[in-house]
Amino acid sequence: MKLLAKPSAWYRFLMAHIHYLIGVVHRYVGNSYGSRWEYEAAVEAFNRAVEWKPDFAQVYLDRGILYWRELDHPRKAIHDLTLAMNLDPNLHEAQFNRAIAHQQLREYAEAIADFQAYLAVGTHPYWREHAESMIRELSEWVLDTKPVS
């Protein structure tokens, strides 16, 4: 009975990874069929994964991407992606995706800062090129939206 009251570390690890993989499958099916229900099921599975292992950075990254890309919840995405970055500073993809979520909210200065931070550490050539392009484009938008004094 004592095991049920406080599961061991390996059991929590296992349960977190099982729920994470269930979430990945739901996201995959959602992407394959464009099913919002599958995306929401993925979020629920990811929620269960972090209940078992609150420091599971990859879950926060994947749920954050799901929030901004498939579910149109960029504010939730920013929260999750920030958690992922705090838990694992080597998840450079979180910085890049947080920039996109800021962009969706028209928080262009924050998006530019995140893209620049990604360029300082990110190594993937395609995403580096995209970040550079977005910095140029967003910089123009920031200049266009500043009030003339």
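Is I100 buried or exposed? I100 is buried, with a relative accessible area of 13%, because the cut-off for buried is under 20%. The model is predicted.

**Helix α6**

- Helix α6 runs over residues 92-104 and has 13 residues.
- At 1.5 Å a residue, α6 should span 18 Å, and its end C-alpha atoms are 19 Å apart, which agrees.
- Ten of the 13 residues of α6 are buried, so the helix is mostly covered.
- The buried residues are A94, Q95, F96, N97, R98, A99, I100, A101, H102 and Q103.
- Just after α6, R106 has a positive phi of about 65°.

**I100 in α6**

- I100 is found in helix α6.
- Leaving aside neighbours within four places in sequence, I100 is in contact with W68 and F115.
- I100 and D114 are 14 residues apart along the chain, and their C-alpha atoms are separated by 8.7 Å.

**N97 in α6**

- N97 also lies in helix α6.
- N97 has 6% relative accessibility and therefore counts as buried.
- A polar atom of the N97 side chain lies 2.8 Å from the backbone oxygen of E93.
- Not counting residues up to four places away in sequence, N97 touches I65, W68 and L81.

**W141 in α8**

- W141 is found in helix α8, which covers residues 125-145.
- The relative accessibility of W141 is 30%, so W141 counts as partly exposed.
- Q103 is one of the buried residues of α6.
- W141 and A109 are 32 residues apart in sequence, and the distance between their C-alpha atoms is 9.7 Å.

**Nonpolar surface patch**

- W10, Y11, L14, I18 and I22 form a nonpolar patch on the surface.
- Together these residues have about 470 Å² of accessible area.
- L14, one of the patch residues, lies in helix α2, residues 9-33.
- L14 is partly exposed, because its relative accessible area is 38%.
- An α-helix has 3.6 residues a turn, so residues three or four places apart point the same way.

Notes: Residues numbered from 1 in each chain as written. Predicted model: local features only at pLDDT ≥ 70, side-chain atom pairs only at ≥ 80, totals over all residues. Heavy atoms only, no water. Helix = DSSP H or I, 4+ residues; strand = E, 2+ residues; numbered from the N terminus. Expected span 1.5 Å × (residues − 1). Buried < 20%, exposed > 50% of the residue type's maximum accessible area, 1.4 Å probe, protein only. Polar contact = N/O pair within 3.5 Å; in protein donor to acceptor, adjacent residues only side chain to side chain. Contact = heavy atoms within 4.5 Å. Patch = residues over 30% accessible without salt bridge, like charges linked within 9 Å, V, L, I, M, F, W, Y side chains within 5 Å. Areas by Shrake-Rupley, 256 points an atom, 1.4 Å probe, with all protein chains shown as cover. Salt bridge = Lys/Arg side-chain N within 4 Å of Asp/Glu carboxyl O.
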